[in-house]
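Dear colleague,

I am handing over the structure below, and I would be glad if you kept it open while reading the notes that follow.

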Amino acid sequence: MSAEQTWIKASRSQNTASCVEVATTFDEVRDSKDPGGPTLKVGVGGLVRAIKAGRFD
């Protein structure tokens, strides 16, 4: 994780503590409650396609 990384909070979080953030490079996600914690390296495009296809229902 880069110190200069910029993160975007999920728009549906409604300012709650239960949400994820995605890096502006769209290759990492993290738990917004633990911004200094681990990140998950992902292909966000593939993840979004899988979600839309119902693979996690």
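**Sheet, salt bridges and surface**

Strand S2 (residues 20-23) is joined by three bridges to strand S3 (residues 28-31), and the two run antiparallel; strands here are DSSP runs of type E of at least two residues, helices are runs of H or I of at least four, and both are numbered from the N terminus, while two strands pair if DSSP finds at least two bridges between them.

Please bear in mind that this is a predicted model, in which local features need pLDDT of at least 70 and side-chain atom pairs count only at pLDDT 80 or more, whereas totals for chains, interfaces and linings use all residues. Residues are numbered from 1 along each chain as its sequence is written, and side-chain values use heavy atoms, with hydrogens and water left out. The mean pLDDT (the predictor's confidence in each residue, from 0 to 100) is 83 for the protein, and 88% of its residues reach 70 or more. Among the elements, the lowest mean, 85, belongs to helix H1 (residues 44-52), and the highest, 90, to strand S4 (residues 40-41).

S2 and S3 form a hairpin with four residues between them, and Phe26 in the turn has a positive phi of about 60 degrees. Both strands belong to an open sheet of four strands, which has the order S1-S2-S3-S4 with antiparallel pairing. Strand S1 (7-9) and S4 stand at the edges with a single partner strand each, so one side of each is left without a neighbour in the sheet. S1 is joined to S2 by three bridges, again antiparallel; Trp7 stands opposite Ala23, and Lys9 has Glu21 as its bridge partner in S2.

Glu21 also stands opposite Arg30 in S3, and these two residues form a salt bridge (a side-chain nitrogen of Lys or Arg within 4 Å of a carboxyl oxygen of Asp or Glu), with the closest N and O atoms 2.6 Å apart. Both Arg30 and Glu21 are buried, where buried means under 20% relative accessible area, exposed over 50%, and partly exposed in between (1.4 Å probe, protein chains only).

A search of the whole structure finds three salt bridges. Another of them joins Lys41 to Asp27, with the closest N and O atoms 3.8 Å apart; this pair links distant parts of the chain, since Lys41 lies in strand S4 and Asp27 in the loop between S2 and S3, 14 residues apart. Lys41 counts as exposed at 57% relative accessibility, while Asp27, at 27%, is partly exposed. Asp31 and Lys33 also meet through their side chains in a salt bridge (3.2 Å, N to O); Asp31 is partly exposed at 31%, and Lys33 is exposed at 52%.

Ile51 is found in helix H1 and is partly exposed, with a relative accessible area of 48%.

With best regards
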